Amino acid sequence: MIGIQYISAYLPKGSIDNALQAKGFDADEDFIRHKIGMLQLSRKADTEQTSDMAVQAVLKLQQEHGVDLSRTECLVLVTQNPDGHGLPHTSAVVHHRLNLPSACAVFDISLGCSGYVQALSVAKAFMQSQNMRHGLLVTADPYSKIINPLDRDTAMLFGDGASATWLSEDGDWQIGAADFGIQSQQYDALQTSADGYLFMNGRAVFTFAATQVPASVKRVLEKAQLGMADLDQVFLHQGSRYIVDTLAKRIGAEGKTPFAATTYGNTVSSSVPMTLAQHLQPQWRKVLLCGFGVGLSWATCLLEKNNDHS
Amino acid sequence: MITADDIRVLIQENVMGVDAMALGEDDNFKQAGIDSLDQINVLLAIEEKHGYKIPDEDVKLCKSIRSTLDYLATQK
């Protein structure tokens with residue numbers, strides 16, 4: 001079975017002092033610290049492309065875990081802010097920059113904050129159907145490209161980051177029961193407006209997450225015949241500290257939902273893998289992942305430690 | 001019919017650091033420490049527990065317990 005072997009994260013060097021920025025929005029440091037939860041927002045350089053961030057994440061995977069990239073049979077990139085105008089697909093640029101084998105399936109997936117969790121299942125199914133043994137799942141969606149710095153609803157939330165996950169046959173973490181869905185009647189609650197800037201209806205997104213995520217988590221636990229007590233940790237999309245805390249309470253997982261985005265912000269589809277890269281412990285047996293956002297879509301899945309790797 | 005105490009209970013359950021039971025009916029939510037995120041959460045709790053539907057454009061009408069009750073009285 002295809003599973004997760006390694007995860008690495010890349011953060012650009014630049015950052016914004018969010019508490020300082022908040023003063024311009026009549027928000028105090030307490031609000032930033034305890035509600036938004038993000039004291040710094042990472043920022044790519046103006047010249048840095050989405051593909052540059054993706055490449056850096058993969059190079060970190062190679063440096064940190066000694067991954068042999070010549071064995072890559074599949075490269076999947078999750079982004080909604082691709083290089084240039086989106087053609088060619090950014091994964092093609094990444095493939096070239098990394099000098100990966102030509103016998104490699106290479107495609108982008110257009111999803112936001114639910115993207116990593118959804119792409120795990122897509123990549124797993126695709127690789128298994130073609131008897132592939134090794135693949136890369138990369139996330140890189142720099143929202144600084146579309147943030148209006150004067151928009152109070154979005155400017156204090158998003159940071160730039162990228163992740164790279166090495167998927168392999170017999171990987172350490174098996175991708176188990178999952179649940180996917182969309183509340184598409186509110187597809188416009190998170191969208192790029194005609195002016196090129198991100199628009200977010202914060203109340204709609206909050207209400208969506210607070211109602212749909214607990215139901216999705218419940219369905220996955222039922223499918224897997226597990227209870228919350230059976231999970232070592234629940235990795236929720238890091239939309240803000242407030243949404244993570246609210247969801248933790250609603251799903252009965254208080255104390256099990258790490259918040260890792262304090263120094264870089266909401267990195268969209270990279271937020272779950274970046275949190276995993278920081279907090280996933282080898283002694284754990286079962287963890288849950290949940291991404292939610294653009295669409296308004298959600299994706300939840302169970303990761304189970306490969307019993308052969310105890 | 002939802003009451004002031006019903007709203008206080010929902011504030012108590014959903015907002016950290018606010019003594020909801022001591023909240024006066026005319027106390028402004030923001031001045032009492034209930035910020036915009038808390039307000040959205042409390043309104044969701046009102047919708048879920050008491051069956052109201054509060055459209056986005058009406059959120060601004062719910063700035064205190066009394067104004068929230070007055071608004072809700074027009075909705076059911």
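The legends below describe close-up views of a predicted model. Local features are reported only at pLDDT of at least 70 and side-chain atom pairs only at pLDDT 80 or more, while totals for chains, interfaces and linings use all residues. Residues are numbered from 1 along each chain as its sequence is written, and chains are lettered from A and ligands numbered from 1 in the order in which they are written.

**View 1. The two domains of chain A.** Chain A is split into domain 1 (2-170) and domain 2 (174-309), with bounds that come from an automatic or database domain assignment. The C-alpha centres of domain 1 of chain A and domain 2 of chain A are 16 Å apart. Their contact involves 47 residues from domain 1 of chain A and 48 residues from domain 2 of chain A; two residues are in contact if their C-beta atoms, placed from the backbone, lie within 7 Å. On the domain 1 side, at least two residues each come from β1 (2-10), α2 (29-36), β3 (40-43), α5 (115-129), β6 (134-140), α6 (152-155) and β7 (162-169) of chain A. Helices (H or I, at least four residues) and strands (E, at least two) are DSSP runs, numbered from the N terminus. The most residues on this side, seven, come from α5(A). By class, the side of domain 1 of chain A that touches domain 2 of chain A has 21 nonpolar, 19 polar and seven charged residues. Here Ala, Val, Leu, Ile, Met, Phe, Trp, Tyr, Cys and Pro count as nonpolar, Asp, Glu, Lys and Arg as charged, and the others, Gly among them, as polar.

**View 2. Helix α9 of chain A.** Seven of the nine residues of α9(A) are buried. A residue is buried if 20 or more other C-beta atoms lie within 10 Å of its own, exposed if 12 or fewer, and partly exposed in between, with C-beta atoms placed from the backbone. The buried residues of α9(A) are Ser271(A), Val272(A), Pro273(A), Met274(A), Thr275(A), Leu276(A) and Ala277(A). They pack against β1, α5, β6, β7, β11 (233-236) and β12 of chain A.

**View 3. Helices α7 and α8 of chain A.** The axes of α7 (residues 202-223) and α8 (residues 241-250) of chain A come within 10 Å and cross at roughly 30°. Because of that angle, α7(A) is roughly parallel to α8(A). Axes are lines fitted to C-alpha atoms, for helices over the stretch in contact, and angles run from 0 to 180 degrees between N-to-C directions. Angles under 35 degrees count as roughly parallel, over 145 as roughly antiparallel, 65 to 115 as roughly perpendicular and the rest as oblique. The crossing of α7(A) and α8(A) is right-handed, meaning that the near helix is turned clockwise from the far one by less than a right angle. From α7(A), the contact uses Phe206(A), Ala209(A), Ala210(A), Val213(A) and Pro214(A), and from α8(A) it uses Ile243(A), Thr246(A), Leu247(A) and Arg250(A). Seven of these residues are nonpolar, one is polar and one is charged.

**View 4. Backbone exceptions in chain A.** Most residues other than glycine have a negative phi, and most peptide bonds are trans. The bond from Leu87(A) to Pro88(A) is cis, with omega near 10°, and Pro88(A) sits in the loop between β4 (74-78) and α4 (90-97) of chain A. The bond from Gly295(A) to Leu296(A) is also cis, with omega near -10°; Leu296(A) is in the loop between β12 (286-293) and β13 (297-305) of chain A. Asn131(A), in the loop between α5 and β6 of chain A, is not a glycine but has a positive phi of about 55°. Asn131(A) is exposed, with 8 other C-beta atoms within 10 Å. Val268(A) has a positive phi of about 60° and lies in the loop between α8 and α9 (271-279) of chain A. Val268(A) is buried, with 32 C-beta neighbours inside 10 Å.

**View 5. Where chain A meets chain B.** Nine residues of chain A contact seven residues of chain B. On the chain A side, α2, α7 and α8 of chain A each give two or more residues, and α7(A) has the largest share, four residues. The side of chain A that touches chain B has four nonpolar, three polar and two charged residues.

**View 6. Helices α1 and α2 of chain B.** The axes of α1 (residues 4-14) and α2 (residues 36-50) of chain B come within 9 Å and cross at roughly 125°. The two helices, α1(B) and α2(B), are therefore oblique to each other, and their crossing is right-handed.
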